[in-house]
Structure formats: structure tokens, C-alpha cells
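Subject: Handover of a structure

Dear colleague,

Please find below the structure that I am passing on to you, with its sequence. My notes on what was found in it follow directly after.

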Amino acid sequence: MRLLLALPFAVLAVSPALAVEIGDAARGLDYARVNCSECHAVEPREMISPFFDVPTFREIANTPGVSELALISFFQTPHPTMPDFVVPSADIRDLVAYLATLKN
Ligand code: HEC
């Protein structure tokens with residue numbers, strides 16, 4: 001079921017021009033402030049994360065190889081260092097849209 005849900009997003013995410021339209025970047029930032037800012041620097045101008053070894057959202061957005069697709073699959077999978085970490089699909093699209101705005 002999860003695969004079926006993921007497919008339309010994956011197809012949309014392949015085109016960078018569409019990436020901004022699939023989610024709402026402002027809502028993505030709101031979601032990140034609530035759910036991610038405990039560990040990550042999520043604000044556009046924030047350069048240091050609350051935890052020294054946690055990447056800022058800007059660093060994540062500008063990491064070579066971190067595509068929209070990679071982010072989407074990352075958010076759909078529980079992550080060992082990030083407990084209970086599975087983001088609902090609608091919020092994934094917003095987060096990915098927000099991260100896209102942080103690319104240099
Ligand atoms: C409890 C702390 C914590 C919270 C909350 C948290 N993260 Fe993380 N995150 C980490 C740590 C630690 C790492 C780096 C270690 C790693 O990559 O394994 C990380 C890495 C990442 C990465 C990079 C993974 C990679 O392989 O480079 C992404 C993307 C990410 N987090 C997104 C998010 C998002 C989006 C949220 C909010 C929905 C979030 N994180 C909330 C601790 C957290």
C-alpha cells in the first residue's frame with residue numbers, strides 16, 4: 001500500500017520544475033519548526049543545529065545526491081538515529097518543497 005501511495009509523488013518529484021508545486025513550502029517550514037527543530041536548524045538563516053553533529057536543513061538541501069526522491073524515501077522509512085520517524089505523505093511533500101527553497 002505504501003508503495004502505491006508513493007508512486008505518484010515519485011513521478012512528480014522527478015521533475016525539479018514541478019517539485020515546488022507538489023507541496024507547500026510555508027507549511028513545510030511550519031511542520032519542521034514543530035517536529036524537527038528540536039534537533040535540526042530548520043530556519044533559512046540558522047547555521048548551527050541544536051545538536052553539534054546534526055546537519056542543518058540547509059546542509060541537507062545542499063548535500064550532493066540528496067534529491068527530492070531520496071528525501072521522500074528517507075521520510076517514509078524509520079531512521080535508526082531518529083526514533084519513530086515516519087512523516088505523513090502530505091507533510092513529506094511540504095517538507096520537500098521547503099527544503100527545495102534552501103538550495104543554494
Ligand atoms: C531526535 C532528534 C532528531 C529529530 C527530532 C529529527 N532529526 Fe533528522 N537527524 C537527526 C540526526 C542525529 C541526524 C544525523 C545522523 C544520521 O544521518 O544518521 C539526522 C539526519 C537527518 C537527515 C539527513 C539524513 C542523511 O542521511 O543525510 C534528514 C533529511 C533529516 N534528518 C530530516 C529530518 C526531518 C525532516 C525532521 C522532522 C520531521 C527531523 N529530521 C527530525 C536527528 C533528528
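The protein contains six helices and zero strands; helices (H or I, at least four residues) and strands (E, at least two) are DSSP runs, numbered from the N terminus. Along the sequence the pattern therefore reads α-α-α-α-α-α.

This is a predicted model, in which local features need pLDDT of at least 70 and side-chain atom pairs count only at pLDDT 80 or more, while totals for chains, interfaces and linings use all residues. Residues are numbered from 1 along each chain as its sequence is written, and side-chain values use heavy atoms, with hydrogens and water left out.

Overall figures

Of the 104 residues in the protein, 35% are buried; buried means under 20% relative accessible area, exposed over 50%, and partly exposed in between (1.4 Å probe, protein chains only). The accessible surface of the protein comes to about 6,500 Å², and 65% of that belongs to carbon and sulfur atoms. Accessible areas come from the Shrake-Rupley method with a 1.4 Å probe, and for residues only the protein chains shown count as cover. Among contacts (heavy atoms within 4.5 Å) between residues at least 6 apart in sequence, 53% join residues at least 24 apart.

The ligand and its shell

The ligand is surrounded by 17 residues, the closest being Cys36, Cys39, His40, Thr81 and Met82; a residue is near a molecule or strand if one of its heavy atoms lies within 4 Å of it. By class, this shell holds 13 nonpolar, four polar and no charged residues. Here Ala, Val, Leu, Ile, Met, Phe, Trp, Tyr, Cys and Pro count as nonpolar, Asp, Glu, Lys and Arg as charged, and the others, Gly among them, as polar. Helix 3, helix 4 and helix 5 (68-75) each supply at least two residues of the shell, and the largest share, three residues, comes from helix 5.

His40 lies in the loop between helix 3 (25-35) and helix 4 (57-61). With a relative accessible area of 11%, His40 is buried. An N or O atom in the side chain of His40 is 2.7 Å from a nitrogen atom of the ligand. A polar atom of the His40 side chain also lies 2.7 Å from the backbone oxygen of Pro55. Not counting residues up to four places away in sequence, His40 touches Ser49, Pro50, Val54, Pro55, Phe57, Ile60 and Met82.

Ser49 is likewise found in the loop between helix 3 and helix 4, and it counts as buried because its relative accessibility is 7%. Leaving aside neighbours within four places in sequence, the contacts of Ser49 include Cys39, His40 and Ala41. The side chain of Ser49 has a polar atom 3.4 Å from the backbone oxygen of Pro55.

Gly23 sits in the loop between helix 2 (16-22) and helix 3 and is buried, at 16% relative accessible area. Gly23 and Val96 are 73 residues apart in sequence, yet 7.2 Å apart in space, C-alpha to C-alpha. Beyond four places in sequence, Gly23 touches Arg93, Asp94 and Ala97.

In helix 6, the buried residues include Asp94, Val96 and Ala97. The 13 residues of helix 6 (residues 89-101) should span 18 Å at 1.5 Å a residue, and the end C-alpha atoms are 19 Å apart, which agrees; the expected span is 1.5 Å times one less than the number of residues.

With kind regards

Technical notes
Polar contact = N/O pair within 3.5 Å; in protein donor to acceptor, adjacent residues only side chain to side chain.
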